[in-house]
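Please examine the pockets and the helix packing of the protein shown here. The questions and answers that follow take these topics in turn.

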Amino acid sequence: MKSSAIRFFNASCSLGNNLDSCIDKLLNANNQPVQEHFPRQRDPVTMPYFALPYENGRPSATDIIYNRLQQMAEEALQACQFGEAERQRTSLFFGSSSFDVAVSEQQYRQQLDGEHPQDAVPMPIVGYGKLAQSTGQKLRLSPYRFTYSTACTSSANALLYAHRLLQTGAIDHALVMGFEFFNETTLLGFHGLGLISPAAAMQPFAAGRDGLVLGEGCGVILLSRHDPDAPLQLRGGAVATDNHSLTAANSDGSSLASVINQALDDSNITAADIVAVKVHGTASLMNDEAEAAGLGRIFPQQLPPVFALKPFCGHTLGASGALEMALTLGCLARGVLPANPQAIADPQLGVQLLPASCSAPDGHYLFNCFAFGGNNNALILQRRSL
């Protein structure tokens, strides 16, 4: 299978509202979550959260979701100078966990505050396919429009299937967007499960890790059919389902190693070709244990350099594949790998994150993304100097 050329990438998250500002802050390893308050609860809740840096407070959910997505998509198309012909050959791929749940919450609160609160309906809309259709129509894109909701692998799977559709020749370009925006349903659900870090800090693979911190954001990747001269390429990948548990991967790492091996085979490379790894790194006990064991199976002698992004932007759930891909590509474009200077490795796991930034070598990069429900994804990127 041929690789897909990476033509454009952009990110918006707690690190910044565009890629350059995100990478500037990421490479300085300088970002902390804010505290979100939920006074409507019977027992008020406060928790850490990596929120987007809005200048004048958080806009309405409709403005954030519909307007922001369309704006970022249009910026990608314009940056690539796509006219009508190119747009008609561009397919849209959306990946998210919550989609427009925030809009449903907004409408529900408006109904509760209206004249007939007894008629208020929780979750009056769920727009899994609607967002992709409306965005694709407004941007005049190909009728091939796809929506993925596979928990934390949603936009990673969108990237993989965009790559595969490009290989069929049905389209020439694929616009992949992963997004997750603030909504109370998600945050309070994770809080109720006891998954939020009491220390308000994500510490992947550290002995003292105590949970995750959620975040919001959007990642945009525009792929095109094979171009051997492209400096950044998506070589291949794989997705597989692990039936070991409803929530966690097998802690012995076998299922994660299996999907990584499939990704390597799909990209026609071996583990020896991997020059660095972007880990999933949720800082939860079982997920880190499984990922560490899986990496140990793939790299039994020595791990390549390893870095994690969630400590700086939070776990953005379904957006994390595309968002962290855009952040990774932004670092690779600058020739630098990001550091996790605060990380103190758990010796039982054997995964030491990069303590300091270093030069990004040419070669192949392993990109891990794993999800609730046992849906596991591994992608292979390639960087080549011009």
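A pocket is an open set of points, on a 1 Å grid over the protein atoms alone, where a 1.4 Å probe fits, with protein on both sides within 12 Å along at least five of seven lines; lining residues have an atom within 4 Å of a point. This is a predicted model, in which local features need pLDDT of at least 70 and side-chain atom pairs pLDDT 80 or more, while totals for chains, interfaces and linings use all residues. Residues are numbered from 1 along each chain as its sequence is written, and side-chain values use heavy atoms, without hydrogens and water.

Q: Which residues lie nearest the centre of the second largest pocket?
A: The second largest pocket has a lining of 18 residues. Nearest its centre lie A201, M202, P311, F312 and Q342.

Q: How many charged residues does the lining of the second largest pocket have?
A: Ala, Val, Leu, Ile, Met, Phe, Trp, Tyr, Cys and Pro count as nonpolar, Asp, Glu, Lys and Arg as charged, and the others, Gly among them, as polar. In this lining, 13 residues are nonpolar and five are polar. The number of charged residues is therefore read from these classes, and the lining has no charged residues.

Q: Which helix gives the largest share of the lining of the largest pocket?
A: Helices are DSSP runs (H or I, at least four residues), numbered from the N terminus. The lining of the largest pocket comprises 24 residues. Three residues, the largest share, come from helix 9 (residues 285–298).

Key
Helices (H or I, at least four residues) and strands (E, at least two) are DSSP runs, numbered from the N terminus.
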